[in-house]
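This report covers salt bridges, a metal site, a helix and a surface patch. The structure comes next.

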Amino acid sequence: MTRRPKSSRHRINIHRGYSVDEVARARGVAKGTVRRWTKSGLPSITDQKPLLILGEDLVEFLAKRKAPSQRCSPFECYCVKCRAPRKPLGDMAEYIPLAPKTGNLRAICPVCSRLMHKRIRCDALEPLREVLTVTITEPISSLTE
Ligand SMILES: [Zn+2]
């Protein structure tokens, strides 16, 4: 049939429709995976076979799908409530030293206002402070000491 240049393999054209087979090839996944996507939120143009998926929908679906499994960048904390990495509210965070070399980074999620925690090494603190305002909080000394 048609011969396509290899370079277009991973590029999704948002203005055209893709068959399940084409999506699978473009993304390097199994056809079954693509069918699962259509059942878990990937819209298709027709409900009849063969399914046709709009490139635009595919790009959007993949972008949304990718977000929760994204790893936090150094200045983000993982919000348990949102199940996503979030940049601290107001670009502010608090560092609570737990041990000479590690501590807890505490920040507020800008979306759900929950506290987010992240264990970091203290040498990760300096690069962090270029992006965030980090307040260093002394740990509350134990009363039983
Ligand atoms: Zn949140």
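## Salt bridges

E126 and R129 form a salt bridge, with 3.9 Å between the closest N and O atoms; the term requires a side-chain nitrogen of Lys or Arg within 4 Å of a carboxyl oxygen of Asp or Glu. R129 is partly exposed at 37% relative accessibility (buried is under 20% relative accessible area, exposed over 50%, partly exposed in between, with a 1.4 Å probe and protein chains only). The structure holds 7 salt bridges.

A salt bridge also joins the side chains of K87 and D91, at 3.6 Å from N to O. K87 is partly exposed, its relative accessible area being 33%, and D91 is partly exposed at 29%.

## Basis of the model

The model is predicted: local features need pLDDT of at least 70, side-chain atom pairs count only at pLDDT 80 or more, and totals for chains, interfaces and linings use all residues. Residues are numbered from 1 along each chain as its sequence is written, and side-chain values use heavy atoms, with hydrogens and water left out.

## Helix 1

Helix 1 spans residues 20–27, and its buried residues are V20, E22, V23, A24 and A26. Helices are DSSP runs (H or I, at least four residues) and strands likewise (E, at least two), numbered from the N terminus. G28 follows helix 1 and has a positive phi, near 65°.

D21 and R25 form a salt bridge through their side chains, 3.0 Å from N to O. The two residues are about one helical turn apart because they are 4 residues apart in helix 1. D21 is partly exposed with a relative accessible area of 32%, and R25 is partly exposed at 46%. D21, R25 and K31 are linked in a network of salt bridges.

## Zinc site

Which residues are the protein donors of the zinc ion? They are C79, C82, C109 and C112, each through SG, at 2.2 to 2.3 Å (donors are N, O and S atoms within 2.8 Å of the metal, or 3.2 Å for Na, K and Ca; water is not among the atoms, so sites may look incomplete). Their spacing along the chain is C-x2-C-x26-C-x2-C.

The site is tetrahedral, with angles of 103 to 114° among its 4 donor atoms; four donors count as tetrahedral if all angles lie between 85 and 135 degrees. C109 is buried at 1% relative accessibility, whereas C112 is partly exposed at 22%.

## Loop residue

L89 lies in the loop between strand 4 (84–86) and strand 5 (92–97). L89 is partly exposed, at 43% relative accessibility.

How values were computed: Tetrahedral: all angles 85-135°; square planar, octahedral: opposite > 155°, others 65-115°.
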